[in-house]
Amino acid sequence: MIALTQIVAVTAMNLRNIPQRLGSSCVVVVGIAGVVGVLVSVLGISTSLTDTLLATGRVDRAIVLRDGADTEVSSALSVDAALTIVDAPGIARTAEGYVAATINMVTGVNLERIDGTLASMTLRGTGAAVFDVRPEIEIVAGRMFERGVRELIVGASALEEFAGVNIGDIVSLRGSDWTVVGVFTSGDALESGMLTDVETLLSAYQGAPRNSVTVMLESEDSFDEFRDALTTNPALTVDVLRETEYYSRQASFINDVIGVVTNFVAGIMAVGALFAALNTMYQAVSSRSVEIATLRAIGFGQGGIVVSVLCEALLLAVVGAFVGAAVAWALFNGTTINMGSVNASIVFRLEVSPGLVAQGVVWACAVGLLGALLPAIRAARLPVATALRAV
Amino acid sequence: MTALVSIRDVDKGYVRGKQRVEVLTGVNLEVQSGEFLAIMGPSGSGKTTLLNLIGGLDKCDKGEVIVAGERLHEFSSGKLARWRARHVGFVFQFYNLLPVLSAERNVEVPLLLTKLSGRQRKQNVRAALELVGLGDRARHKPGELSGGQQQRVGIARALVSDPTLLICDEPTGDLDRESSESVLELLELLNRDHGKTIIMVTHDPRAAEHASRLLHVDKGVISAEPLGTAA
C-alpha cells in the first residue's frame with residue numbers, strides 16, 4: 001500500500017512537471033502519434049481488404065481454376081474443359097432448368113480515376129446465369145447488359161472511384177466502344193469492377209482464355225461430390241475450391257505482403273520514436289535530478305522512482321497513440337481505396353476500427369516503456385549525496 | 001548513556017578521475033540524544049561527507065556508523081532508505097522543495113511513506129506548519145514564498161514525521177541575516193522545547209553560536225572547539 005502511495009505521489013509530481021518540459025514531451029507524443037498513425041492506417045488497409053474479400057465468398061458457391069493457378073487471372077481453361085465443368089453433378093439449377101454456372105473471363109482495363117490518375121479496373125465477362133450464381137447482385141440503376149451486345153454494367157464502388165463509367169458513357173476496349181447501361185451492387189469485391197457478357201468479351205479479346213467457372217452448388221454439402229467429379233476426371237487438370245476458401249487464400253496472401261510492409265515501416269518509425277522517448281525521459285530525469293535525490297533522501301525507494309518514470313512515459317505514449325489513431329481516423333476512415341494490378345483491382349473502404357486502435361496503443365506502450373527504461377534506471381541509481389549538491 | 005550517533009574509526013574517500021581522494025580518515029564522533037551540534041570547517045574539509053554518513057545518504061569505506069542503535073554501514077540501499085524515512089529529517093541549504101507542490105503538499109511528502117490516513121496526514125502537516133509559523137501560507141507554492149519562508153517549509157517537512165534526528169546542511173547558507181536568525185531560532189526552539197537532536201553543518205560562526213556544541217573539521221580530522229570561538 002505504501003509502495004503504491006509512493007508511486008502515485010511521485011508519478012503525480014512528474015506529471016505536474018510536464019508543462020515545464022512541454023516541448024520535449026510533445027516530441028514523444030508526436031513521434032508515437034506518427035508510428036501509431038502509420039500502423040493503424042496500413043493495418044486498416046489490410047483488415048478492410050480482408051473483410052471485403054471474405055465477404056465476397058459463399059460456402060455453397062465453388063470456383064474452378066486451372067490446376068496450380070493462384071488467381072482467376074492466372075488461370076486458363078479450354079472451351080472443352082469449361083463445358084465439362086458445367087456438366088458436373090452437384091450444381092444447382094435455375095428456375096428455367098439450366099445449370100447455375102457461369103464461365104468467366106477476367107481482365108483489367110486501364111481507366112481514369114476521378115482524381116485524374118490512371119488505375120486498373122476489373123472487367124468480368126460472365127454468363128446468362130449470373131443472377132442465379134450470384135443472387136446478391138442487384139441492378140440499382142439502368143438495366144442489365146444484353147447478351148451479344150457491347151454493353152457493360154458497373155459496380156457501385158467502381159462508379160465512386162472511376163470517371164467516365166456512368167450510365168450512357170462509352171468505354172473503349174480493344175478499339176471498340178462499349179456502353180455502360182447499368183449500375184449494380186453486390187456488397188462484395190465484385191462491386192469494384194464491371195460485368196459484361198462473356199461471349200461478347202471473348203470475341204473482342206481474340207485469343208483470350210476462359211479463366212474460371214463459378215457454380216452455385218445444390219447445397220453446401222454438394223461440394224465434395226462436385227469436386228470429386230472434376231478432380232477424378234482424367235480429361236481435366238483443375239483446382240476446385242469453395243469460394244470462401246478461394247478468397248481466404250487471396251486475403252492471406254495480401255495480408256502477408258501488407259504485414260511485411262507494415263512491420264517494416266512501423267518498425268523504422270518506432271525506432272525513431274523510441275529514441276525520442278529515450279531522449280525526453282533522460283532530459284526529464286536530468287532536469288529533476290535534485291527533486292529525485294530529495295525524494296530518495298526523504299526515504300522514497302528506487303522502485304517507486306523507476307515505476308513513476310515508466311508511468312510518465314506510458315502516459316505520453318498513450319496520448320500519442322490516441323492522437324495518431326485520431327489523425328488516421330480523421331484522414332482515412334471511410335476512404336475508398338483501389339488496390340489493383342494490371343489485370344485486376346479491388347475497391348474497398350478503409351475502416352479504422354477500435355481493434356486497430358488497441359493494437360496501436362499496445363505498440364505505443366511498448367515504445368514508451370522501452371524508451372523510458374534506461375532513464376528510469378538512471379533515475380533510481382542517481383547517487384543521492386552527489387545529486388543533492390548539484391543545485 | 002548510549003550515544004544517539006556513534007562513529008568509530010571511519011574512513012571515507014572518493015575516486016575523482018583516476019585519483020582517489022581521502023575525505024575522512026579515522027574519524028570518531030559521538031552525539032548524545034537531545035544535542036544541538038554544529039560542525040564547521042572550510043570547503044572540502046569533509047563536513048558534508050560526515051553529515052551524509054550520519055544521515056544514511058552515503059556509506060563509509062571503513063569503520064562503523066551507528067545511529068539510533070542501527071549499524072548503517074551494514075545496510076543495503078533499500079534498507080537505508082526505509083531507515084531514513086523513519087529516523088531522519090533533512091534540511092537543505094537550497095530548501096529542495098518540490099516546485100509544483102504547495103507548502104502543505106511539500107510537508108506531506110515524508111508522510112506518504114507512513115501508514116497514516118489522509119486525515120491524520122493533514123493534521124500533522126497543519127501542526128508542523130503552525131510550529132514553523134507558516135499556518136497561513138499552506139496553499140502557497142515555493143515560488144510564492146521568500147527564502148526564509150521556504151526554509152521554514154523545509155524544516156516543517158523535516159520534522160513532520162517526528163524523526164529521531166534533524167540533519168541540517170548549511171540551512172542558512174542561502175538566507176539573509178534576518179531570515180537566518182529566524183530559522184536558527186526555530187531550530188533552537190525545536191532542540192530546546194521539543195527535544196530534537198540536531199546536527200548542523202555551517203560556514204557561519206553566528207549560526208554555530210545557536211548550537212550546544214561545536215566541532216571543527218579540517219582535512220578529514222575532527223577537533224572540538226569551545227563555543228563562541230569560531231571565527
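1. In this predicted model, Ile199(B) is in contact (heavy atoms within 4.5 Å) with Val5(B), Val31(B), Leu37(B), Ile39(B), Leu51(B), Ile54(B), Leu165(B), Leu166(B), Ile167(B) and Cys168(B), once its neighbours within four places in sequence are set aside. Local features need pLDDT of at least 70 and side-chain atom pairs count only at pLDDT 80 or more, whereas totals for chains, interfaces and linings use all residues. Residues are numbered from 1 along each chain as its sequence is written, chains are lettered from A in the order in which they are written, and side-chain values use heavy atoms, with hydrogens and water left out.

2. Ile199(B) is also among the five residues, with Val5(B), Ile7(B), Leu50(B) and Ile54(B), that touch the most other members of the largest nonpolar core, which has 101 residues. Such a core is a set of buried Ala, Val, Leu, Ile, Met, Phe, Trp, Tyr and Cys residues joined through side-chain atoms within 4.5 Å, buried being under 20% relative accessible area with a 1.4 Å probe, protein chains only. A second, separate core of 36 residues includes Phe36(B), Leu134(B), Leu190(B) and Leu214(B).

3. The area buried between them (accessible area, 1.4 Å probe, lost on being put together and summed over both) is about 2100 Å², with 67% given by carbon and sulfur atoms. Val100(B), Leu112(B) and Leu113(B) supply 27% of the area that chain B buries against chain A, more than any other three residues.

4. Across this interface of chain B and chain A there are zero salt bridges, by the rule of a Lys or Arg side-chain nitrogen within 4 Å of an Asp or Glu carboxyl oxygen.

Technical notes: Buried means under 20% relative accessible area, exposed over 50%, partly exposed in between (1.4 Å probe, protein chains only). Buried area is the accessible area (1.4 Å probe) that two parts lose on being put together, summed over both.
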